[in-house]
Amino acid sequence: MKKLFIGLSLSVSLVAGGAMAEDPEATAFRDGFIAGNVDWQAVQERAKKEGTVNLYYWGGSDPINIWMDRTVAPALAEEGVTLNPVRITGTKDAVDLVLAEMAAGKGPGEGSVDAIWLNGENFATLKRQNALFGAFAPKLPNSKYIEWNAEDPRSQMNLRDFGVETGGAEVPWSGEQYVCAVNTDRVAAADVPHTFAELKAYLDKTPGKFTYVKPPHYIGNTFVQATIYAHNPDGTGASAFQESIDVIGAEELARLITPGLEYLKALEPGLLDANGGSPRYPEDPSALDGMFLNGEVDFNCKFGMFAVATGLAQGTYPEAAEQFVFPEGNMIKNKNYLAIPANAPNPAAALIMTNYMSSVESQTSKLQGTGMPPGIDPWKLSEAEAASLAAASPGLVGLTQADLDANAAPDTNATLVDVIEATWLEYIERDSTDPIDVIVKRAVENLSK
Amino acid sequence: MKNPKPPELARHRRERLWMMLQLLPVFSVLTILFGGALVLAVLQSLGFAPWFGVNTFPDFSYFGALWGSYSFWQSLALTLYYALMATFISLVMGVLLALAMVRMFPGKSLYKYLYKLPLMIPYTVGIALAVIMLGNGGMLSRLAAFAGLISDPSEFPQILKTHYGWGIIAVYVWKQAPFVTLTIYAVLLGVGRETEEAATILGASRWQTFFQVTLPQILPGIVSSTLIIFAFNIGAFEAPFILGGGYPDTLPVVAWRYFNDADYTLQLQGMATVVSIALIASGILFTYLALYRRYERRIGRN
């Protein structure tokens, strides 16, 4: 009984004192690996001892889940590592878990998350809270397939994630572009909109046949960002949104986003079910896929360069679905990444897993099985490797790679995304009567608390 | 001088000790887990969250902001509407079913098992069934389109995802009417049918028999079962989240949205929402119980 009390009071004092428990061996391993003093063989040996890797990722896609179970798990088993795929409904859940564990004093080697599939705000949060493992990505053997040379402008996608410097703390896993699909059975080619003005005109004529995923889901945030780019009052598009909120300031941001938000407000009466009172925004892309398949809406916008090809193959898209250029010049392109949290319980196994994910072999089978575009850079591959990757592509339907490249736009800085999202929720969803600059100012103040 | 303890006293003490031991597991779960969580929730809703770098305890601004906004009251009205509507329909259907069950009819033994089926199936499965059957693009809409009643599944009348909440109420009733039936059926079996038969022989009409004989007898069952399902309905999250009509959401969904926001300080607002739900639910339930106790005392039951 006495021992129990001692144990209890000890743990209470630990929690109260905020002391960080850590596994000194894990810390030494991390420092050694980041400094380049641990060779890959030692990582492999340690990974075998650790035995498991807990990968937290959004589990809402069947093809990805199947690919994880059938391809990744056996490949990692060859390295003596068991893949524990933890399928979550929102990436933020994993970030919250890491932060909660760190707040509870679980330091290096003591947490429960080994790796997270993420980008944007979630990475920015982990970075801000100092909850990342460190600059592991350029140290992976397969990082040779990734462009790290900052002088090459194409490396920006690998070095910056939503305007936040990655610092090598996450490794690119897939690169996506925001592409819309249209059901050509229902929309004549001449009516397919390519600008926001044309979309509004189409919905004035046939109301209710469009909706977008509801922010704060990132697919919805991206639609809002593209709208804001296109309505930038200075006409400078995405380039005005690449600095952090501290640099731009609330007042300037409010000025830049006002026309875009006013357009979205004006669009509301034309959205799905708007005639029944309030417009209906789907919670996530799978809900929007369902509406598109059922003919409730005629368009489906999301990150999915190969979404139509895979959707047609799996029967989750209507047969006449085709991709089209929308909005002209503002089709947002970004990468998503695998990051290792600071308190990963199996850091070596996480390194083995992220290295496998960056291999040509796994990128090829991922592209083939799930339609997720590669995260590695084709110009860094040998000709044969690049050809095998290109051959695995499910293909574009209705537009060409040149169309995509010509209309590409970068993502918004992560610190702005939070503010824009909060403003959308307040101005569009909650129908706030406050002017936009007041809402933006309030959001900035809340977020900086 | 020491008196030898009488053996009865020692036995009595042993029994007391044994009783305490029996109470201990549940009591400790309630106080430590439940009570602890409640205390933490109240603390957080009053601005105590040093792990987010927020500590303004005691700070009533989170409640102020919440209760001061029009959308909170909209959400509360919606929450109460779904909860009360579902409880009421379940109650009526459950009582009717229980009254039918005490009578004899062909196939009764099979039916006795059949009606309990939803009790064993989780809510989420019920929600999935609603989506598959009732959604636009669900079975009914496709059958209607196939039969030529509508030209396209998307024209099917919207049942789910509206603020009328028919989908939510349907799932609750599907699951809870059997529960009410089970409770009231058990009470009816315990009471027996003699009093009803006596009333009928003495010339009471069917309505008189129900309202003046049967209803007072099954009232304890009605109160306990509606208490439980209402408490569940007011705090339930999945059904309104998946089948609800979007903004304005019910209070549990509002709380979830706050927790899920990129802005971590909004989690305290979420806690204030959770504490508000607990306050409102317990207020309603205590009033309900107090009224019932008063009624019981009035009719001389204790």
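A: Helices (H or I, at least four residues) and strands (E, at least two) are DSSP runs, numbered from the N terminus. This is a predicted model, in which local features need pLDDT of at least 70 and side-chain atom pairs count only at pLDDT 80 or more, while totals for chains, interfaces and linings use all residues. Residues are numbered from 1 along each chain as its sequence is written, and chains are lettered from A and ligands numbered from 1 in the order in which they are written.

Q: Okay, which residues of α11(A) meet α18(A)?

A: On the α11(A) side they are Leu253(A), Ile257(A), Leu261(A), Leu264(A) and Lys265(A), and they meet Leu416(A), Val419(A), Ile420(A), Thr423(A), Tyr427(A) and Ile428(A) of α18(A). By class, this contact of α11(A) with α18(A) has nine nonpolar, one polar and one charged residues, where Ala, Val, Leu, Ile, Met, Phe, Trp, Tyr, Cys and Pro count as nonpolar, Asp, Glu, Lys and Arg as charged, and the others, Gly among them, as polar.

Q: And at what angle do the axes of those two, α11 and α18 of chain A, cross?

A: Helix α11 (residues 250–267) and helix α18 (residues 414–429) of chain A have axes that come within 11 Å and cross at roughly 45°; axes are lines fitted to C-alpha atoms, for helices over the stretch in contact, and angles run from 0 to 180 degrees between N-to-C directions. α11(A) and α18(A) are therefore oblique to each other, given that angles under 35 degrees count as roughly parallel, over 145 as roughly antiparallel, 65 to 115 as roughly perpendicular and the rest as oblique.

Q: Is the crossing of α11(A) and α18(A) left-handed or right-handed?

A: The crossing of α11(A) and α18(A) is right-handed; a crossing is left-handed if the near helix is turned anticlockwise from the far one by less than a right angle, and right-handed if clockwise.

Q: What about α9(A), how far is its axis from that of α11(A)?

A: Helix α9 (residues 218–230) of chain A packs with α11(A) at an angle of about 120°, their axes being 7 Å apart, and the crossing of α9(A) and α11(A) is right-handed. Val224(A), Thr227(A) and Ile228(A) of α9(A) make the contact with Ile257(A), Gly260(A), Tyr263(A) and Leu264(A) of α11(A).

Q: Switching topic, which domains is chain A divided into?

A: Domain 1 of chain A covers 22–175 + 334–400 and domain 2 covers 187–297 + 413–448, with bounds that come from an automatic or database domain assignment. Their C-alpha centres lie 31 Å apart, and the contact takes seven residues from domain 1 and ten residues from domain 2 of chain A.

Q: Now chain B, how many helices and strands?

A: Chain B has 13 helices and two strands. Its radius of gyration, taken over C-alpha atoms, is 25 Å, well over the 19 Å that the globule rule gives for 302 residues, so chain B is more spread out than a compact globule; that rule is 2.2 Å times the number of residues to the power 0.38. Along its principal axes the C-alpha trace of chain B spans about 90 × 65 × 35 Å.

Q: And how do α3 and α8 of chain B cross?

A: Helix α3 (residues 70–101) and helix α8 (residues 166–191) of chain B have axes that come within 7 Å and cross at roughly 40°, which makes α3(B) oblique to α8(B). The residues of this contact of α3(B) with α8(B) divide into 19 nonpolar, four polar and no charged.

Key. Contact = placed C-beta atoms within 7 Å.
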